[in-house]
Amino acid sequence: ESIPMYKGYMMDTGSGKTFISTLLIKWVAARNTGGDKITVFLVPKVALVQQQGEFISKQTTLRVRQFSGATAHDMGDRESWRKEFEDADVFVMTGE
């Protein structure tokens with residue numbers, strides 16, 4: 001089951017976007033009783049990977065991994081990605 005996200009109006013800095021996203025991630029994780037799903041949180045900039053990843057880690061007990069172009073595994077390295085999927089609940093990453 002996926003939750004559709006829609007582009008809407010821009011919200012100001014400090015308006016609670018990350019807080020609301022974290023509440024949604026916690027809600028989705030609580031419904032995932034099988035433990036076999038990952039939540040992917042995409043951000044537009046590399047600097048936001050660390051910022052959002054740290055916030056989610058501090059606000060939840062979920063296992064968060066952070067990936068950007070400089071830190072991500074080679075897409076062909078299936079074994080490394082398999083390990084990441086086994087050891088994480090949330091991936092915070094850029095779309096690149």
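Is Phe41 buried or exposed? Phe41 is buried, with a relative accessible area of 16%. Buried means under 20% relative accessible area, exposed means over 50%, and partly exposed lies in between, using a 1.4 Å probe and protein chains only.

This is a predicted model, in which local features need pLDDT of at least 70 and side-chain atom pairs count only at pLDDT 80 or more, while totals for chains, interfaces and linings use all residues. Residues are numbered from 1 along each chain as its sequence is written, and side-chain values use heavy atoms, with hydrogens and water left out.

Start with the surroundings of Phe41. The residue sits in strand S1, residues 39-43. Helices (H or I, at least four residues) and strands (E, at least two) are DSSP runs, numbered from the N terminus. Setting aside residues up to four places away in sequence, Phe41 touches Ser21, Ile25, Gln52, Ile56, Phe91, Val92 and Met93. Contact here means heavy atoms within 4.5 Å. Ser21 is 20 residues away in sequence, yet the C-alpha atoms of Ser21 and Phe41 are 8.6 Å apart.

Now the sheet. An open sheet of 3 strands runs in the order S1-S3-S2, with parallel pairing. S1 and S2 stand at the edges with a single partner strand each, so one side of each has no neighbour in the sheet. The twist averages 20 degrees from one strand to the next. Two strands pair if DSSP finds at least two bridges between them. S1 and S3 are joined by 5 bridges. Across this pairing, Phe41 stands opposite Val92, and Leu42 has Met93 as its bridge partner. On the other pairing, 4 bridges link S3 to S2, residues 64-67. There Val64 stands opposite Val90.

Next, the cores. A nonpolar core is a set of buried Ala, Val, Leu, Ile, Met, Phe, Trp, Tyr and Cys residues joined through side-chain atoms within 4.5 Å. The largest has 9 residues: Ile25, Phe41, Val43, Val49, Ile56, Leu62, Val64, Val90 and Val92. Beyond its neighbours within four places in sequence, Val43 contacts Leu48, Val49, Gln52, Val92, Met93, Thr94 and Gly95.

Finish with helix H1, residues 17-31. The expected span of a helix is 1.5 Å times one less than its number of residues. For the 15 residues of H1 that gives 21 Å, and the end C-alpha atoms are 21 Å apart, which agrees. Thr18, Thr22 and Ile25 of H1 are buried. Seen down the axis, the buried residues of H1 fall within an arc of 60 degrees, so they line one face of the helix. The arc is that of the directions from the helix axis to the C-beta atoms. These buried residues pack against S1, H2 and S3.

Notes. Axes fitted to C-alpha atoms, helices over the stretch in contact; angles between N-to-C directions.
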